[in-house]
There are 2 protein chains.
Amino acid sequence: MDLAKYLFTRLGQIGVRSVHGVPSDYNLRALDYLKSCNLHWVGNANELCSGYAADGYARVKGVGALISSFGPGELSAINAIAGAYSEKIPVVHIVGTPPLKAQRAGACLHHSLGDGNFGVFADMFKNITAAKVNLIDAATAPQMIDSALRECILKSQPVYISLPTDMVSAQVPAPEHPIDLSPPIYEASSESAVVDQVFSRIESCRRPLILVDGFTARYGVLDELDQLVRATGFTTLTTPFGKSIVDETIRNFCGVYLGSAGDLALQSWIHDCDLVLYFGPEPSDGNTFGFSAVPNPDVTITFEGNSTRIGAVETPCSVKSILTKLLARLDKSSITTKEGYQHRPSEAPRAVDRDRIIDHASFWPYISRFIRSEDVLLTEPGTATYGSPALTLPPSTKLINSSRWLSIGHMLAASQGAALAQRDIAEVDGRPPGRTILFEGDGSLQMTAQAISDIIRNKLDVIIFLLNNNGYTTERVIHGFSESYNDIQPWRNLQAANYFGADLDDASYAVRTFSAANWGELQDALNHAGLQAGNGLNIVEIAMDMGDVPEALQRLAHYVSKRNSGDK
Amino acid sequence: MDLAKYLFTRLGQIGVRSVHGVPSDYNLRALDYLKSCNLHWVGNANELCSGYAADGYARVKGVGALISSFGPGELSAINAIAGAYSEKIPVVHIVGTPPLKAQRAGACLHHSLGDGNFGVFADMFKNITAAKVNLIDAATAPQMIDSALRECILKSQPVYISLPTDMVSAQVPAPEHPIDLSPPIYEASSESAVVDQVFSRIESCRRPLILVDGFTARYGVLDELDQLVRATGFTTLTTPFGKSIVDETIRNFCGVYLGSAGDLALQSWIHDCDLVLYFGPEPSDGNTFGFSAVPNPDVTITFEGNSTRIGAVETPCSVKSILTKLLARLDKSSITTKEGYQHRPSEAPRAVDRDRIIDHASFWPYISRFIRSEDVLLTEPGTATYGSPALTLPPSTKLINSSRWLSIGHMLAASQGAALAQRDIAEVDGRPPGRTILFEGDGSLQMTAQAISDIIRNKLDVIIFLLNNNGYTTERVIHGFSESYNDIQPWRNLQAANYFGADLDDASYAVRTFSAANWGELQDALNHAGLQAGNGLNIVEIAMDMGDVPEALQRLAHYVSKRNSGDK
């Protein structure tokens with residue numbers, strides 16, 4: 001079969017049903033093959049949006065893909081790829097490159113630097129991809145594709161595949177078997193030794209904690225982890241990045257750990273723990289509130305996807321295998337009751353005054369009532385991300401955020417990908433998809449506003465709660481609160497669907513806009529049956545005070561500000 | 001003085017009056033110094049726009065600058081920086097980076113890959129900048145800044161300057177002298193030898209040609225070149241990239257050379273030339289129409305900024321010095337009359353039918369009458385760039401386009417920078433600025449639509465002729481004319497100013513929109529006094545047929561299509 005058909009067949013086999021990207025003369029011939037491979041072409045307005053959206057798609061569907069083009073196209077997407085690498089998201093980035101003949105002749109081509117070097121842009125992706133392959137030879141191309149896709153899935157990181165225009169229809173054998181995606185197998189004896197140690201520590205500890213961070217979601221162990229939390233009854237927390245991984249209705253779930261930016265009694269309680277089972281750590285300054293939420297390494301057992309660390313000893317192993325064996329052991333034993341944190345149930349949402357402006361302290365508990373099982377929630381870096389720990393989530397919700405990369409505009413475009421992934425999953429499963437709900441900021445939205453056009457073009461169902469606080473509030477609380485560099489041009493955000501060309505009379509794709517200058521207007525919006533259904537494009541613009549930030553962010557900002565000035 | 005003050009003082013000294021960029025916690029403390037250094041902060045909606053706009057500013061003002069941030073910010077701008085490198089534009093890219101203390105500790109910081117490597121993104125800029133410096137030491141920082149800025153100006157290429165947050169207020173000596181920007185001096189004897197040879201070839205030739213390409217605009221020799229064209233009376237052509245460098249009212253100016261995509265009689269005439277003086281070559285496939293417009297090297301003398309090539313011999317020299325000496329020789333001699341191309345005066349614009357749709361063949365001659373001296377024109381890659389050779393320009397106009405990088409969306413954001421540069425120049429000169437006129441495409445606009453917000457925020461005067469041909473027409477004529485991947489979401493483009501928050505009642509900043517579905521509507525728009533004045537934001541949306549392209553583009557597309565499929 002033709003090489004492009006091989007590539008797209010493989011993409012389909014690993015779970016991609018929709019491909020993001022932007023056309024260009026160096027990739028057009030490849031795009032011809034999408035339809036016959038049953039892949040939906042998204043057609044983004046720009047490449048940065050396509051990269052972020054493929055990332056959002058992968059966070060829901062397990063893998064995402066985009067097609068860009070040599071030079072300007074791929075470089076426009078590079079921020080998104082670096083972000084996917086930083087946060088371990090499996091994104092396949094296919095780059096259409098000039099014909100090999102011209103490359104080999106060192107021709108001075110458009111989209112190049114003019115120096116005959118056609119590897120210079122690919123090299124920029126070297127440190128932000130798990131694999132980088134260039135399909136210049138039909139004899140090796142299938143194996144290179146398979147190997148790159150395997151790395152993408154197993155390492156949960158982006159990969160880069162160059163496809164020269166004149167290789168698109170090169171003949172290769174059709175694939176005979178699915179790609180081998182079986183995880184590596186580790187030595188049983190060393191895994192058993194780890195299980196023994198963990199079990200023994202569980203038996204002997206007095207005050208244990210299970211701390212679940214966001215990378216846990218990449219390891220395919222959510223069921224096992226759920227069983228562990230239930231079976232042990234140990235006090236369980238997530239990080240902000242890990243929120244939604246643990247069913248928040250489990251009685252020993254005690255919320256999100258914010259270190260010194262949160263409940264100091266909790267921090268003090270954790271300080272005295274003698275065992276912390278720490279899953280999927282992402283120990284960056286933001287996620288750990290200036291490293292104040294990193295548990296004491298002396299009492300911590302750390303579980304990554306393919307290793308466990310006990311004290312100074314790191315053992316290569318499968319965390320899935322470890323958990324399975326550990327659960328079997330726990331099943332046959334009874335462990336003594338341990339000290340638990342006196343969990344204060346989350347406050348009932350406070351009564352709100354219909355005439356007053358909406359504030360972070362009340363907003364997140366309040367909006368929690370709007371959230372339903374199967375919803376996918378996204379929070380944009382900024383006040384939304386630092387407000388969302390105060391959400392109370394029903395079971396089977398998924399919260400997507402960025403923890404380390406923190407590129408504003410990321411989650412708006414990712415919400416397009418997430419909504420599409422939900423639709424693609426539902427089409428296979430035959431059950432209705434959950435809603436896609438984005439909590440967005442006004443400054444962030446301006447970065448990637450085109451994503452709203454992509455949502456409309458693909459008739460995706462998205463609810464956007466736009467927290468409009470009149471500029472870069474997160475920057476304001478770090479430095480230069482009233483400086484004009486923290487201002488933005490004020491947009492008429494509710495005109496977005498009109499500008500981006502939505503058919504406002506299309507009964508099959510509703511567009512709804514709501515302005516919420518106060519609690520009353522928000523209540524009315526939330527009572528709207530269409531908004532509750534979440535079909536079509538829904539934008540609820542919520543006015544917030546310029547200086548209103550979640551308390552944890554205020555504390556983190558104080559830390560960052562001191563550090564940036566050299567004081568820390 | 002504080003290091004940031006030193007840096008911004010130097011920026012001001014080399015000609016920067018406005019700085020583009022986006023705030024971020026890693027650059028906020030530096031931004032505090034802008035005002036006191038009399039630098040205007042643009043405040044772009046995203047970093048790609050800031051990079052393109054700094055490039056557009058530099059194309060008019062001679063140098064541009066942007067401030068981004070470590071990680072996501074700088075990577076969002078990298079496409080623009082690569083483009084500036086490819087097309088030799090002096091752009092200073094300042095990147096706010098994490099505090100040195102945290103970098104040296106290898107801390108896991110936000111905006112990083114989490115691996116403690118803080119050089120990984122800077123390294124990506126290595127091959128697309130003339131200099132890359134990291135201000136980690138107050139003792140060396142001033143010299144590093146001066147050296148980088150010197151490289152930027154003299155090489156006419158972007159440079160990259162990392163500024164850690166805790167170095168912003170490091171103490172450095174105030175600059176005592178302006179930066180030494182004097183060009184390198186070459187051996188007088190070898191320059192004289194080159195002048196002798198060129199003069200001798202000029203004396204002895206039968207059929208000479210002066211061919212002016214776009215990089216000539218980077219060498220500071222426009223006056224000397226103008227004198228050469230007038231003094232010799234030789235047939236003179238520009239390339240598409242070189243358009244507007246030569247005064248088109250000079251009688252021996254014969255238009256734009258399109259190789260085999262243009263006038264075949266001209267190509268045949270050039271084929272028989274025995275001397276081509278080729279200035280500032282940019283020999284990419286697009287600019288030379290599949291290399292068909294590259295002159296015969298056997299008869300060509302090539303002038304770059306710092307070298308001249310005669311036959312196989314390249315001599316380092318100053319082209320400015322060479323031209324000055326050559327003009328002095330020509331002044332004292334009389335050269336015999338040479339064969340000239342029988343220049344057919346450009347066709348008078350055809351009569352147009354008010355009810356008919358606007359087409360490329362008539363549009364460019366027609367719109368030429370709208371253009372005035374001192375206007376700065378920009379053409380977006382796509383049909384606009386390939387249509388613009390048919391413009392007839394009055395003296396002292398400047399046409400800005402992309403020749404090799406061809407990143408769509410580039411010129412929309414560059415028009416923001418160009419308009420600001422015109423205003424900054426006018427404020428110093430005390431005379432009214434020329435208009436900024438952009439010829440834009442509908443697909444391109446979607447890439448960087450935020451630039452319209454930046455234009456409004458900065459109250460810049462721009463006229464946008466939006467050629468709306470319903471999708472990626474340039475891609476359509478290359479491959480997949482009717483394929484849906486070449487479609488775009490149709491936007492309501494005339495709603496842009498409304499969406500992007502322009503005050504529609506502000507008498508000091510007019511917003512005008514015009515829809516031109518046919519020639520009559522275009523005529524009416526062009527008769528509008530406000531549009532003619534060009535103040536405020538003006539958008540004229542011109543409907544064009546999806547398949548209507550300039551003839552030269554049709555021919556180029558045929559070539560590219562064959563090459564991409566491996567046939568060439």
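The contact between the chains takes 93 residues from chain B and 93 residues from chain A, where contact means heavy atoms within 4.5 Å. This is a predicted model, in which local features need pLDDT of at least 70 and side-chain atom pairs count only at pLDDT 80 or more, while totals for chains, interfaces and linings use all residues. Residues are numbered from 1 along each chain as its sequence is written, chains are lettered from A and ligands numbered from 1 in the order in which they are written, and side-chain values use heavy atoms, with hydrogens and water left out.

## The interface

The size of an interface is often given as the accessible area lost when the parts come together. Here the area buried between chain B and chain A is about 7,500 Å², with carbon and sulfur atoms giving 57% of it. Buried area is the accessible area (1.4 Å probe) that two parts lose on being put together, summed over both. On the chain B side, B:Tyr485, B:Arg492 and B:Tyr499 lose the most area to chain A, and together they account for 11% of what that side buries.

Polar pairing is part of the picture too. Across the interface of chain B and chain A, the rule finds 53 residue pairs in polar contact, both residues being at pLDDT 80 or more. A polar contact is a pair of N or O atoms within 3.5 Å; within protein, one must be able to donate a hydrogen and the other to accept it, and residues adjacent in sequence count only if both atoms are side-chain atoms. Helix 4 (residues 72–86) of chain B gives the most to the side of chain B that touches chain A, with eight residues. Helices (H or I, at least four residues) and strands (E, at least two) are DSSP runs, numbered from the N terminus. Sorted by class, the side of chain B that touches chain A has 45 nonpolar, 30 polar and 18 charged residues. In this sorting Ala, Val, Leu, Ile, Met, Phe, Trp, Tyr, Cys and Pro count as nonpolar, Asp, Glu, Lys and Arg as charged, and the others, Gly among them, as polar.

## How the copies are related

Chain B can be laid on chain A with an RMSD of 0.0 Å by a turn of 180° and a shift of 0.0 Å along the axis. That is the relation of a two-fold axis. The copies are superposed by least squares on the C-alpha atoms of residues with pLDDT of at least 70 in both. Of the residues of chain B, B:Met124 comes closest to the rotation axis, with its C-alpha at 2.6 Å. The same surface serves both copies, as 100% of the contact residues of chain B recur in chain A.

## Salt bridges

Over all chains the structure holds 56 salt bridges, each being a side-chain nitrogen of Lys or Arg within 4 Å of a carboxyl oxygen of Asp or Glu. Across the interface of chain B and chain A the rule finds two. Some of the pairs are listed here.

| B:Glu483 | A:Lys35 | 3.7 Å |

A:Arg206 is partly exposed at 37% relative accessibility, and A:Asp272 is partly exposed at 39%. Buried means under 20% relative accessible area, exposed over 50%, and partly exposed in between (1.4 Å probe, protein chains only). A:Arg206, A:Arg207, A:Asp272 and A:Glu339 are linked in a network of salt bridges.

## Loop residues in chain A

The loop between strand 15 (398–401) and helix 14 (410–429) of chain A holds A:Leu406, which has a positive phi of about 50° although it is not a glycine. A:Leu406 is buried, with a relative accessible area of 12%. A:Ser403 lies in the loop between strand 15 and helix 14 of chain A and is buried, at 6% relative accessible area. The side chain of A:Ser403 makes a polar contact with the side chain of A:Glu282 at 2.5 Å.

A:Glu374 likewise has a positive phi, of about 80°, although it is not a glycine. A:Glu374 sits in the loop between helix 12 (360–367) and strand 14 (376–379) of chain A and is partly exposed, with a relative accessible area of 38%.
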